[in-house]
Amino acid sequence: MFYWVLKTVVLGPLLKLLFRPWVEGEEHIPEEGAAIFASNHLSFSDSIFLPLMLPRRMTVLAKSDYFTGRGIKGRATAMFFRGVGQLPVDRSGGKAGEAALNSGLRVLRRGELLGIYPEGTRSPDGRLYRGRTGVARMALEAGVPVLPVAMIGTDKAQPTGKKLPKIMRIGIRIGRPLSFSRYEGMEDDRFVLRSITDEIMYELMLLSDQEYVDEYATSMKSRLLTAARNKARELQEAAKPGSAAKELEEALDAAEGGASASAEAATMTARSSPVDDVPIGRAGDPDIADVSGVGDERAAS
């Protein structure tokens with residue numbers, strides 16, 4: 001009940017008025033029966049706009065952090081996410097991954113629509129990353145079609161870390177349903193699961209026009225986080241008192257060492273010169289215009 005009140009009375013009309021979302025491919029939405037909507041993931045608001053624009057109820061698998069907040073704010077947040085059709089899942093892997101899979105299967109076995117993000121997390125840079133095979137396993141076990149969905153512009157309306165979205169138009173492209181009935185009974189074959197997932201990601205790439213990266217988004221996020229931490233550590237070291245002075249002293253020592261070596265080399269060269277005892281000329285002598293070259297000329301002769 002709360003879901004439909006938010007969607008049709010409170011939140012839905014307001015968001016449609018402000019953001020004027022457009023939808024392509026509405027004809028692909030099944031009027032009845034279960035189906036998986038596999039979407040790219042650019043922004044937190046993807047989970048708001050996608051269910052909002054469908055005529056049927058959709059349940060979206062969302063990270064459990066949204067449902068575990070404390071106090072009045074935490075409980076209100078959890079109630080809101082449940083109200084907009086989100087289902088908490090633990091993304092830590094192992095048994096938690098099996099629990100997420102079973103949660104999605106229960107939704108599908110009720111004949112409902114399930115929204116899932118095959119990348120497993122939001123894109124760190126707007127590109128499309130390698131999909132996780134959970135979507136393929138659910139499609140085979142439930143025997144349902146998969147509809148690829150591309151969210152357009154939500155990363156610009158609400159980038160990661162921004163609490164309030166920018167008022168701008170966003171879009172949704174829904175692709176044709178993909179049937180994988182030819183793989184029935186093969187949900188335990190990891191090569192089949194990878195093939196199905198890659199096919200879904202290929203369709204998402206075509207719909208979204210995103211650059212595809214054959215790497216998990218979580219791996220990229222981990223690398224970016226490590227690089228940021230290393231940079232912060234370098235800046236902290238540089239900001240410590242005396243660190244710049246030490247570097248300056250090392251540079252001066254190196255410069256002084258080089259100057260001393262040059263002076264010594266010049267002295268040794270002067271002592272061994274073949275023109276040490278040769279007069280270098282008298283003032284006014286027209287044949288000696290450049291004193292610096294006399295030694296070379298006479299040595300050459």
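**Figure 1. Asp209 in the loop between α7 and β9 of the predicted model**. The phi angle of Asp209 is near 65°, a positive value in a residue other than glycine. Asp209 counts as exposed, because its relative accessibility is 64% and the cut-off for exposed is over 50%.

**Figure 2. Arg20 in the loop between α1 and β1**. The loop that holds Arg20 runs between helix α1 (2–19) and strand β1 (22–24). Arg20 is not a glycine, yet its phi is positive, near 45°. With a relative accessible area of 47%, Arg20 is partly exposed, because that class lies between the 20% limit for buried and the 50% limit for exposed.

**Figure 3. A nonpolar surface patch that includes Leu17**. Leu14, Leu17, Leu18 and Ile167 make up this patch, with an area of about 390 Å². Leu17 belongs to helix α1. The relative accessibility of Leu17 is 64%, so this residue counts as exposed.

**Figure 4. Strand β5 and its parallel pairing with β2 and β3**. Strand β5 comprises residues 113–116. Leu113 and Gly115 point one way from the strand, whereas Leu114 and Ile116 point the other way. All of these residues are buried. Strand β2 (residues 35–39) pairs with β5 in the parallel sense over four bridges.

Figure 5. Helices α1, α2 (46–52) and α3 (71–83) each supply at least two residues of the lining. Helix α3 gives the largest share of the lining, five residues.

Methods. Residues are numbered from 1 along each chain as its sequence is written. This is a predicted model: local features need pLDDT of at least 70, side-chain atom pairs count only at pLDDT 80 or more; totals for chains, interfaces and linings use all residues. Side-chain values use heavy atoms; hydrogens and water are left out. Buried means under 20% relative accessible area, exposed over 50%, partly exposed in between (1.4 Å probe, protein chains only). Two strands pair if DSSP finds at least two bridges between them. Patches are made of residues with over 30% relative accessible area and no salt bridge: like charges are joined within 9 Å, nonpolar side chains (Val, Leu, Ile, Met, Phe, Trp, Tyr) within 5 Å. Accessible areas come from the Shrake-Rupley method with a 1.4 Å probe; for residues, only the protein chains shown count as cover. A salt bridge is a side-chain nitrogen of Lys or Arg within 4 Å of a carboxyl oxygen of Asp or Glu.
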